[in-house]
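Please look over the structure below.

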Amino acid sequence: EIHIKEPIEKEVNPRLLPGELLLCEASTVYKYIQEDGSNRGTYGKLVCTNFKISFLDDDSASDDNEPQFKNKIVGENDITLQCVDQIFGVYDEKKKLLTGQLRKYPEKLIIYCKDLRVFNFCLRYTKEEEVKRIVSGIVHHSQTPKLLKRLFLFSYASAAPNNTDGRNQTVMFETLEDWRDELERTKGNVKYKAVTTNEGYRVSEKLPLYFVVPICISEESILKYEGRGIPIWCWSCHNGAALLKMSTFPKEQDDSTSQMQKAFLDGIYKTISKPPYELLKMDDLSSSLPSLQDIQTAYTRFKQLFLIDNSTDFWATDVKWFSLLESTNWLEIIRRVLKKAIEVAECLEIQHTNVLLIEESATDLCCVISSLVQVMMDSYSRTKSGFQSLIQKEWVIGGHGFLDRCNHLHKSEKEEAPVFLLLLNCVWQLVQQYPPAFEFTETYLTVLSDSLYVPIFSTFFFNSQHQRDTNKSGESLKTQSGPFRFLTVWDWSVQFDPKAQAFLNNPLYAEKPKPDKSQRKTARFKHQRQLSLPLTQAKPSTKRGFFREETDHLIKNILGKRIGKFINSSDDPPNSLREFYDSWHSKPVDYHGLLLPRIDGPEIKVWAQRYLRWIPEAQLHGGGTIATAAKILDLMEEVQSLQVKMDEEHSQAVSGDVHSVPMLRNSARLSSLFPFALLQRQSVKPALPTSTWKDLEDEDDLVKRDDEFVDLSGDML
């Protein structure tokens, strides 16, 4: 039974951001702390603003128990409206999905979040009028379609003081100079040029203002079909081979148009296949990788395994964990994407072949593969600023439709697909396999995935640079008028103080020494030798399960016509990819050279920090990677304090520029849920009677149910 406490005497008010408005609230709401089916919890006030849903209890008013890793924008009991995934009401112990207008109001409210938190609220002791207001308000503001200008992004931009730098050494790729610098950095400026053809968006609204194409491509060619059929440069390898991408023509075309487009493509391919350009290999990602619908379906099944209501649900799924996990197909998709990136890396590095990635819009899977290849092949992309610049270049400026793919406006679920999350999952595989190669941590990747749903940054809330630019103009709430000045997510000081930011940086990063130009050349040749394969053909490997060669002749259907004659059909032995993979893994790892992920069998793992961080039953007490990191940070703090003392003694100068690291005391008591959740209760696995095991075995596969939401708890609530 729930014992009703006295109403909270102290008035607790939400902390509102600039431009944030309180829309509705309800008092005497009971928030459950799910614990072995008990009804323990706390009373408080549930509020809904134009930015978030927030639960305020007695602890909200005090700063005594603030976590070490506190987000300054989104608190522990805050859910941004964009982070709400689904809302369920409980009526007479039965759960029902809440959407649109409600005739009857529930006695309990369950909110499932996109960052996999689950909130349970009891409304039994709340006034009926307040229940109506808060439930209908939350459902309306978080689940119904809205206009772009109604996003909190605009309210915040017009009201917040703009006193942050925002760039933080990240190249934004909004100017022609940024693109020219990148060309020079990768030595691609000999064969490729940055163009201004799309200034004023006269070529296409989907393309960025500035982009890079082969020097031989004329302005007329770019203008002819709104940029379609034009190879756009992504990155150049140290040997001159380049990674390119291209959007295809619409498939439904009349014969004359189709013939003209085919002739146009023929001319483009012939032009970029001649010297000084390397041989060209084309890869149609729509035929060689899962579709966006497959990716969305797999992720929807996968996330249900982690949206846990209570301990009973956790242990029920634990019995069939591996079969449930495998049936989602999510890890298999990650493996296929990583394998494709290895294939592209082999073409660039070993075959010295240009690779042209082809996709309908070139803004989804093209972004994933091109980003992964650069992370694997370019050590700059494994630094924090380099990785952020890569996301800007390939995703934000490159035109990935964050607004549609994340369904921020709730306009169409058909367009929704976790493409960016797929990239972060793939990068995490590399980070956990080769930690010293990355300047950032898995906590950084987890926080970045959370930032997808924080609408005070413009980074992940537009479909293109054109959409962002055209919506920049607006009246400020202050006296002056002018364009909105949006924040970028790369300014981490907006969300975290310096102590919390220490968790984003890898203390064991094998930092690359900064050589002069002559030394840099030497390093490059050394890198080339290390990666070269033996001239004699290696003995065929017996491990071919994950590298079954697809057909050599990739059939392209860009125009509904075969253009196979332009494809560089590989004459390499069928085992060349496996040979490349095995040869690289047989050598010591150069953390500043090429990195190839291990993709055989169980090497592909679940990103535990992101998916298990809210589940107390899954924690490791005093263990996990965070316990190691905590010890290292403690040691760093000690070394730095000793360094300061030495400096004081030897030079009489006190250094005030000591990097701030968290004061982690009793790190042995931390659990693997840290820094996102504090130490939780112990959870004991229940002893299940034989009949229960039998029931679980005979149960239909939870993940394959037709219902979009898998009700793991049945009628237990």
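## Overall make-up

The chain's secondary structure comes to 22 helices and 16 strands. Helices (H or I, at least four residues) and strands (E, at least two) are DSSP runs, numbered from the N terminus. This is a predicted model: local features need pLDDT of at least 70, side-chain atom pairs count only at pLDDT 80 or more, and totals for chains, interfaces and linings use all residues. Residues are numbered from 1 along each chain as its sequence is written, and side-chain values use heavy atoms, with hydrogens and water left out.

Of the 717 residues in the chain, 55% are buried (under 20% relative accessible area, with a 1.4 Å probe and protein chains only). The accessible surface comes to about 33,700 Å², by the Shrake-Rupley method with a 1.4 Å probe. Carbon and sulfur atoms hold 50% of that surface. Take the chain's contacts (heavy atoms within 4.5 Å) between residues at least 6 apart in sequence: 74% of them join residues at least 24 apart.

## The cavities

Rolling a probe the size of a water molecule over the atoms shows where empty space is left. Here a search of the whole structure finds two cavities of 30 Å³ or more. A cavity is a set of points on a 1 Å grid over the protein atoms alone where a 1.4 Å probe fits but cannot get out; lining residues have an atom within 4 Å of a point. The largest cavity has a volume of about 40 Å³, a volume being the space filled by probe spheres set on the points.

Which elements give two or more residues to the lining of the largest cavity? They are helix H3 (176–185) and helix H12 (384–396). H12 gives the most, with four residues.

## Helix H12

H12 is mostly covered: 13 of its 13 residues are buried. At its start, a side-chain oxygen of Thr 383 reaches to within 3.0 Å of the backbone nitrogen of Gly 386.

## Ser 142 in helix H1

Ser 142 sits in helix H1 (residues 128–143). Is Ser 142 buried or exposed? Its relative accessibility is 0%, so Ser 142 counts as buried.

The Ser 142 side chain reaches the backbone oxygen of Ile 138 at 2.7 Å. Beyond its neighbours within four places in sequence, Ser 142 is in contact with Leu 81, Val 84, Ile 87 and His 410.

Terms used: 1 Å grid on protein atoms, 1.4 Å probe; cavity = no way out; pocket = protein on both sides within 12 Å on 5 of 7 lines; lining within 4 Å. Buried < 20%, exposed > 50% of the residue type's maximum accessible area, 1.4 Å probe, protein only. Polar contact = N/O pair within 3.5 Å; in protein donor to acceptor, adjacent residues only side chain to side chain.
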